[in-house]
Amino acid sequence: MEIEGERLISAEEIDRHEAAGIEALRAASREPIPDPDAWLSTEIKRNLLFTTVDYAINWARTSSLWTLIAFTACCTFEFIGTSSSRFDIARFGMEVVRASPRQADLLICGGTLTWKMAPQIKRLYDQMAEPKWVVAMGACAISGGIFRDSYAVVPGYNRLVPVDVYIPGCPPRPEALLAGIEQLRKKIRKESITQRR
Amino acid sequence: MTTELSISDTAARLKAHFGEGVAPAGDGLATSPELLPRVAGYLRDTAGFDFDFLDMMAAVDYADRFELVYRLLSLKHNHTLTLRVNCDKNKAVVPSLAGLWQGADLQEREIYDLFGISFNGHPNLKRIVLWEGFEGHPLRKDFKDGAYGAGD
């Protein structure tokens, strides 16, 4: 309440002051204040998603193809190059290279395989847990390459294990290996848990 | 730097002990399978030669004979010598040098595996690169790999 000079303000002025306050509050209160638990509905919208079991499982499988360390010859070095920082296989969740077949999903067959070594490779494949995939990398893994006619060389890994993707080259460059792995990922996305591999 | 021992000087020095059994042959000395252990032992243990290391050994398949080539190295004097031994194709047996130089052990097994030359007195003479039961010896000129190649 204001005092102008010696005069007290009148009762009408007090009433007008009160009315102005009420009008201002009314103008500011046109919408109800949200209930304290109103955020729940928006959070559920933001955090639930609907998909198929196959899609979710295949997404996980394609995003974590762990490779077994079982390389027999020089294609290995292209794989090492691929897994290093320049080509960066970690982009596909594959940087975890496993020394144990029990923890591996992917057998990349890199290099010439001799019959003397063949039982060990077959055994490693058999020890891998399902689901498992095989990539034949380079000419020797596909067909034995230039050593195909040798008495000592296995003419292609598909004599021993089922091969999903063949990557030609001698050796394939890291780009080719990545392209082959992308082909395998496409293949995995089409699989269903209801089908036996 | 490693030096090659003079062939004529070495041959003359060995002649005093082994007579006509050791003779110059190309870039090295040739001897017979019978004399090989004695010649090799002499080269290893005699002061001035001191060949304490078998650098490498190899086999060659000629039309009429097998030839074994030993490269000897003295780490003490840093000199080398080539020793050659001919052996009969029908009776391919040579004394083993694994007792003189341990390095001969695996190399003699490899030659046994791939050439089919036997080494008398070897402690563990069996195939090393190929598997037991493999037919034939692949580095022989007359080896036929029909049973093992892809066949196309």
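**View 1. Chain A from end to end.** Following the sequence of chain A takes you through β-β-α-α-α-β-α-β-β-α-β-α-β-α. Count the elements up and you get 7 helices and 7 strands. Keep in mind that this is a predicted model. Chain A has a radius of gyration of 34 Å, while the globule rule gives 16 Å for 197 residues; 34 Å is well over that, so the chain is more spread out than a compact globule. Its C-alpha atoms take up a box of roughly 120 × 40 × 25 Å along the principal axes.

**View 2. Burial and contacts in chain A.** How much of chain A is buried? Of its 197 residues, 27% count as buried. As for who touches whom, take the contacts in chain A with a separation of 6 or more: 80% of them join residues 24 or more positions apart.

**View 3. Helix α1 of chain A.** This helix covers residues 11–28. With 18 residues at 1.5 Å a residue, α1 should span 26 Å, and because its end C-alpha atoms sit 26 Å apart, expectation and model agree. Is α1(A) well covered or hardly covered? Hardly: the number of buried residues among its 18 is 0.

**View 4. Where chain A meets chain B.** Here 8 residues of chain A are in contact with 7 residues of chain B. On the chain A side that touches chain B, you'll find 3 nonpolar, 2 polar and 3 charged residues. A count of residues is one way to describe a meeting place like this; the size of an interface is often given as the accessible area lost when the parts come together.

Conventions. Residues are numbered from 1 along each chain as its sequence is written. Chains are lettered from A and ligands numbered from 1 in the order in which they are written. This is a predicted model: local features need pLDDT of at least 70, side-chain atom pairs count only at pLDDT 80 or more; totals for chains, interfaces and linings use all residues. Helices (H or I, at least four residues) and strands (E, at least two) are DSSP runs, numbered from the N terminus. The radius of gyration is taken over C-alpha atoms; the globule rule is 2.2 Å times the number of residues to the power 0.38. A residue is buried if 20 or more other C-beta atoms lie within 10 Å of its own, exposed if 12 or fewer, and partly exposed in between; C-beta atoms are placed from the backbone. Two residues are in contact if their C-beta atoms, placed from the backbone, lie within 7 Å. Ala, Val, Leu, Ile, Met, Phe, Trp, Tyr, Cys and Pro count as nonpolar, Asp, Glu, Lys and Arg as charged, and the others, Gly among them, as polar. The expected span of a helix is 1.5 Å times one less than its number of residues.
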